[in-house]
Amino acid sequence: MISATQSNHPLAGHSSPEATEAAVTEARRRIRAGGLRITRPRLALIASLHRHEGPVSIERIHLDVGAEACDLVTVYRSLAAFEGIGLVRRSYLHNGTCLYELTLNAQQRYHIVCKTCGATERVDYVPIEGPERLLAARGYTQVSHVVEFFGVCPQCQTAAAARRVAPALPRERV
Ligand SMILES: [Zn+2]
(Lines give C-alpha, C1' and ligand atoms only; values in the text may rest on other atoms or scores of the structure.)
Protein backbone atom coordinates (compact mmCIF):
# COMPACT_ATOMS: atom_id res chain seq x y z
CA MET A 1 0.00 0.00 0.00
CA ILE A 2 1.29 3.45 -0.91
CA SER A 3 1.86 5.75 2.03
CA ALA A 4 -0.54 8.68 2.14
CA THR A 5 2.23 10.88 3.49
CA GLN A 6 4.25 10.72 0.27
CA SER A 7 4.53 14.08 -1.38
CA ASN A 8 5.94 15.53 -4.58
CA HIS A 9 6.62 18.85 -2.92
CA PRO A 10 10.21 19.91 -3.77
CA LEU A 11 10.99 20.60 -0.11
CA ALA A 12 9.33 17.47 1.27
CA GLY A 13 12.49 15.40 1.05
CA HIS A 14 14.39 16.94 3.90
CA SER A 15 11.78 18.69 6.01
CA SER A 16 8.51 17.00 6.82
CA PRO A 17 5.84 19.13 8.53
CA GLU A 18 6.64 17.17 11.71
CA ALA A 19 10.35 18.06 11.49
CA THR A 20 9.49 21.73 10.93
CA GLU A 21 7.08 21.59 13.89
CA ALA A 22 9.85 20.14 16.07
CA ALA A 23 12.29 22.84 14.89
CA VAL A 24 9.76 25.58 15.69
CA THR A 25 9.22 24.09 19.18
CA GLU A 26 12.96 24.05 19.84
CA ALA A 27 13.37 27.58 18.43
CA ARG A 28 10.49 28.76 20.65
CA ARG A 29 12.40 27.43 23.68
CA ARG A 30 15.61 29.19 22.60
CA ILE A 31 13.83 32.47 21.81
CA ARG A 32 12.32 32.46 25.30
CA ALA A 33 15.66 31.47 26.88
CA GLY A 34 17.30 34.31 24.93
CA GLY A 35 14.89 36.79 26.46
CA LEU A 36 13.12 37.61 23.18
CA ARG A 37 9.41 37.83 22.53
CA ILE A 38 7.73 34.98 20.71
CA THR A 39 5.53 36.35 17.95
CA ARG A 40 3.64 34.75 15.11
CA PRO A 41 5.86 36.35 12.39
CA ARG A 42 8.99 35.16 14.21
CA LEU A 43 7.70 31.58 14.31
CA ALA A 44 6.81 31.83 10.60
CA LEU A 45 10.40 32.93 9.89
CA ILE A 46 11.76 29.94 11.81
CA ALA A 47 9.52 27.56 9.86
CA SER A 48 10.67 29.13 6.58
CA LEU A 49 14.36 28.88 7.54
CA HIS A 50 13.85 25.24 8.49
CA ARG A 51 12.12 24.36 5.22
CA HIS A 52 14.96 25.91 3.19
CA GLU A 53 17.56 24.02 5.21
CA GLY A 54 20.55 25.76 3.59
CA PRO A 55 21.53 29.43 3.72
CA VAL A 56 18.77 31.64 2.35
CA SER A 57 18.44 35.36 1.60
CA ILE A 58 16.19 37.74 3.53
CA GLU A 59 14.22 38.47 0.34
CA ARG A 60 13.56 34.76 -0.19
CA ILE A 61 12.39 34.31 3.42
CA HIS A 62 10.17 37.38 3.10
CA LEU A 63 8.66 35.97 -0.09
CA ASP A 64 8.16 32.64 1.66
CA VAL A 65 6.30 33.91 4.74
CA GLY A 66 4.25 36.36 2.68
CA ALA A 67 4.31 40.15 2.74
CA GLU A 68 1.05 40.34 4.71
CA ALA A 69 2.40 38.12 7.50
CA CYS A 70 5.51 40.19 8.07
CA ASP A 71 7.11 43.28 6.49
CA LEU A 72 10.73 43.31 5.32
CA VAL A 73 11.89 45.46 8.26
CA THR A 74 10.46 42.89 10.70
CA VAL A 75 12.30 40.12 8.85
CA TYR A 76 15.58 42.09 9.13
CA ARG A 77 15.09 42.88 12.83
CA SER A 78 13.98 39.38 13.75
CA LEU A 79 16.93 37.75 11.99
CA ALA A 80 19.32 40.19 13.69
CA ALA A 81 17.74 39.30 17.06
CA PHE A 82 17.96 35.56 16.27
CA GLU A 83 21.61 36.00 15.33
CA GLY A 84 22.19 37.76 18.64
CA ILE A 85 21.04 34.70 20.59
CA GLY A 86 22.85 32.29 18.25
CA LEU A 87 19.70 30.84 16.73
CA VAL A 88 20.71 31.71 13.19
CA ARG A 89 24.07 31.99 11.49
CA ARG A 90 24.82 34.61 8.87
CA SER A 91 27.02 34.09 5.85
CA TYR A 92 27.83 36.30 2.90
CA LEU A 93 27.86 35.80 -0.82
CA HIS A 94 30.81 37.22 -2.76
CA ASN A 95 28.55 40.10 -3.87
CA GLY A 96 27.88 41.07 -0.25
CA THR A 97 24.38 39.57 0.02
CA CYS A 98 23.60 38.12 3.46
CA LEU A 99 22.30 34.59 3.81
CA TYR A 100 20.83 33.09 6.97
CA GLU A 101 20.41 29.57 8.27
CA LEU A 102 19.21 27.97 11.49
CA THR A 103 21.80 26.64 13.93
CA LEU A 104 19.43 24.08 15.46
CA ASN A 105 21.28 21.10 14.02
CA ALA A 106 23.95 19.81 16.36
CA GLN A 107 26.22 19.17 13.38
CA GLN A 108 27.13 22.35 11.55
CA ARG A 109 26.44 22.09 7.86
CA TYR A 110 28.45 23.64 5.09
CA HIS A 111 27.31 24.70 1.68
CA ILE A 112 28.76 25.65 -1.63
CA VAL A 113 27.19 28.66 -3.31
CA CYS A 114 27.22 29.03 -7.09
CA LYS A 115 28.76 32.40 -7.99
CA THR A 116 26.64 32.59 -11.12
CA CYS A 117 23.11 31.51 -10.16
CA GLY A 118 23.32 31.61 -6.35
CA ALA A 119 22.13 27.99 -5.94
CA THR A 120 23.37 26.33 -2.75
CA GLU A 121 24.26 22.69 -2.23
CA ARG A 122 25.33 20.91 0.93
CA VAL A 123 28.95 19.91 1.47
CA ASP A 124 28.78 16.80 3.58
CA TYR A 125 32.14 16.52 5.27
CA VAL A 126 34.53 19.22 6.32
CA PRO A 127 37.13 18.34 8.99
CA ILE A 128 36.98 21.71 10.76
CA GLU A 129 35.83 20.69 14.26
CA GLY A 130 39.41 19.66 15.11
CA PRO A 131 40.74 23.24 15.21
CA GLU A 132 37.75 24.27 17.37
CA ARG A 133 38.59 21.55 19.90
CA LEU A 134 42.24 22.63 19.79
CA LEU A 135 41.30 26.22 20.55
CA ALA A 136 38.97 25.10 23.33
CA ALA A 137 41.88 23.11 24.78
CA ARG A 138 43.95 26.30 24.69
CA GLY A 139 41.35 27.91 26.91
CA TYR A 140 39.14 29.72 24.40
CA THR A 141 35.41 29.69 25.06
CA GLN A 142 32.49 30.32 22.66
CA VAL A 143 34.72 29.35 19.75
CA SER A 144 32.95 29.55 16.40
CA HIS A 145 34.01 29.54 12.78
CA VAL A 146 32.86 30.53 9.33
CA VAL A 147 33.63 28.40 6.30
CA GLU A 148 32.31 29.41 2.91
CA PHE A 149 32.70 27.67 -0.41
CA PHE A 150 32.04 29.42 -3.69
CA GLY A 151 32.18 28.00 -7.19
CA VAL A 152 30.35 27.79 -10.50
CA CYS A 153 27.83 24.95 -10.61
CA PRO A 154 27.83 22.36 -13.46
CA GLN A 155 24.55 23.76 -14.87
CA CYS A 156 25.98 27.27 -15.12
CA GLN A 157 29.14 25.90 -16.79
CA THR A 158 26.99 24.09 -19.37
CA ALA A 159 24.94 27.23 -19.98
CA ALA A 160 28.09 29.36 -20.36
CA ALA A 161 29.61 26.84 -22.80
CA ALA A 162 26.40 26.89 -24.87
CA ARG A 163 26.52 30.68 -25.03
CA ARG A 164 30.14 30.58 -26.22
CA VAL A 165 29.34 28.07 -28.97
CA ALA A 166 26.13 29.69 -30.21
CA PRO A 167 27.61 32.77 -32.07
CA ALA A 168 30.01 30.51 -34.01
CA LEU A 169 27.18 28.62 -35.73
CA PRO A 170 27.07 29.46 -39.45
CA ARG A 171 23.27 29.73 -39.62
CA GLU A 172 23.46 33.55 -39.85
CA ARG A 173 24.78 33.25 -43.40
CA VAL A 174 22.35 33.70 -46.24
ZN1 LIG B 1 24.92 28.00 -11.00
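1. Overall make-up. The protein has 6 helices and 6 strands. Helices (H or I, at least four residues) and strands (E, at least two) are DSSP runs, numbered from the N terminus. Along the sequence the pattern reads α-α-β-α-α-β-β-β-β-α-β-α. This is a predicted model: local features need pLDDT of at least 70, side-chain atom pairs count only at pLDDT 80 or more, and totals for chains, interfaces and linings use all residues. Residues are numbered from 1 along each chain as its sequence is written.

2. Of the 174 residues in the protein, 15% are buried. A residue is buried if 20 or more other C-beta atoms lie within 10 Å of its own, exposed if 12 or fewer, and partly exposed in between; C-beta atoms are placed from the backbone. Among contacts with a separation of 6 or more, 55% join residues 24 or more positions apart. Two residues are in contact if their C-beta atoms, placed from the backbone, lie within 7 Å.

3. The nonpolar core. Which residues have the most contacts inside the largest nonpolar core? They are Leu45, Leu49, Leu87 and Val88, in a core of 17 residues. Such a core is a set of buried Ala, Val, Leu, Ile, Met, Phe, Trp, Tyr and Cys residues joined through C-beta atoms within 7 Å. Two or more residues come from each of α1 (17–33), α2, α3 (58–65), α4 and β3. In soluble globular proteins, nonpolar side chains tend to be buried together. Look next at leucine 87. Leaving aside neighbours within four places in sequence, leucine 87 is in contact with Ala27, Arg30, Ile31, Phe82, Leu102 and Thr103.

4. Helices α2 and α4. Two packed helices are described by the angle between their axes and the distance between the axes. Here α2 (residues 40–52) and α4 (residues 72–84) pack at about 75°, with axes 10 Å apart. That makes α2 roughly perpendicular to α4. Axes are lines fitted to C-alpha atoms, for helices over the stretch in contact, and angles run from 0 to 180 degrees between N-to-C directions. Angles under 35 degrees count as roughly parallel, over 145 as roughly antiparallel, 65 to 115 as roughly perpendicular and the rest as oblique. Pro41, Arg42 and Leu45 of α2 meet Thr74, Val75 and Ser78 of α4. By class, this contact has 3 nonpolar, 2 polar and 1 charged residues. Ala, Val, Leu, Ile, Met, Phe, Trp, Tyr, Cys and Pro count as nonpolar, Asp, Glu, Lys and Arg as charged, and the others, Gly among them, as polar.

5. The sheet with β1, β2 and β3. These 3 strands form an open sheet in the order β1-β3-β2, and the pairing is antiparallel. Two strands pair if DSSP finds at least two bridges between them. The edge strands are β1 (56–57) and β2, each pairing on one side only. Strands β2 and β3 are joined over 5 bridges. Valine 88 has leucine 102 in β3 as its bridge partner.

6. Threonine 97. This residue sits in the loop between β2 (88–92) and β3 (98–102). Is threonine 97 buried or partly exposed? Threonine 97 is partly exposed, because 14 other C-beta atoms lie within 10 Å. Beyond its neighbours within four places in sequence, threonine 97 is in contact with Ser57 and Tyr92. Its C-alpha atom is 10.0 Å from that of valine 56, which is 41 residues away along the chain.

7. The sheet with β4, β5 and β6. This open sheet of 3 strands has the order β5-β4-β6, with mixed pairing. Why is one side of β5 (120–123) and of β6 (149–151) left without a neighbour in the sheet? Both stand at the edges, each with a single partner strand. Neighbouring strands of this sheet are turned by 30° against each other on average, direction ignored. Strand β4 (residues 110–114) runs antiparallel to β5, joined by 4 bridges. Tyrosine 110 has valine 123 in β5 as its bridge partner. The two strands form a hairpin with 5 residues between them, and glycine 118 in the turn has a positive phi of about 80°.

8. Helices α5 and α6. Helix α5 (residues 129–137) has 9 residues, and the number buried is 0, so α5 lies largely in the open. Just after α5, glycine 139 takes a positive phi of about 105°. Glutamine 157 belongs to α6 (residues 154–165). With 13 C-beta neighbours inside 10 Å, glutamine 157 counts as partly exposed. Glutamine 157 and threonine 116 are 41 residues apart in sequence, and 9.1 Å apart from C-alpha to C-alpha.
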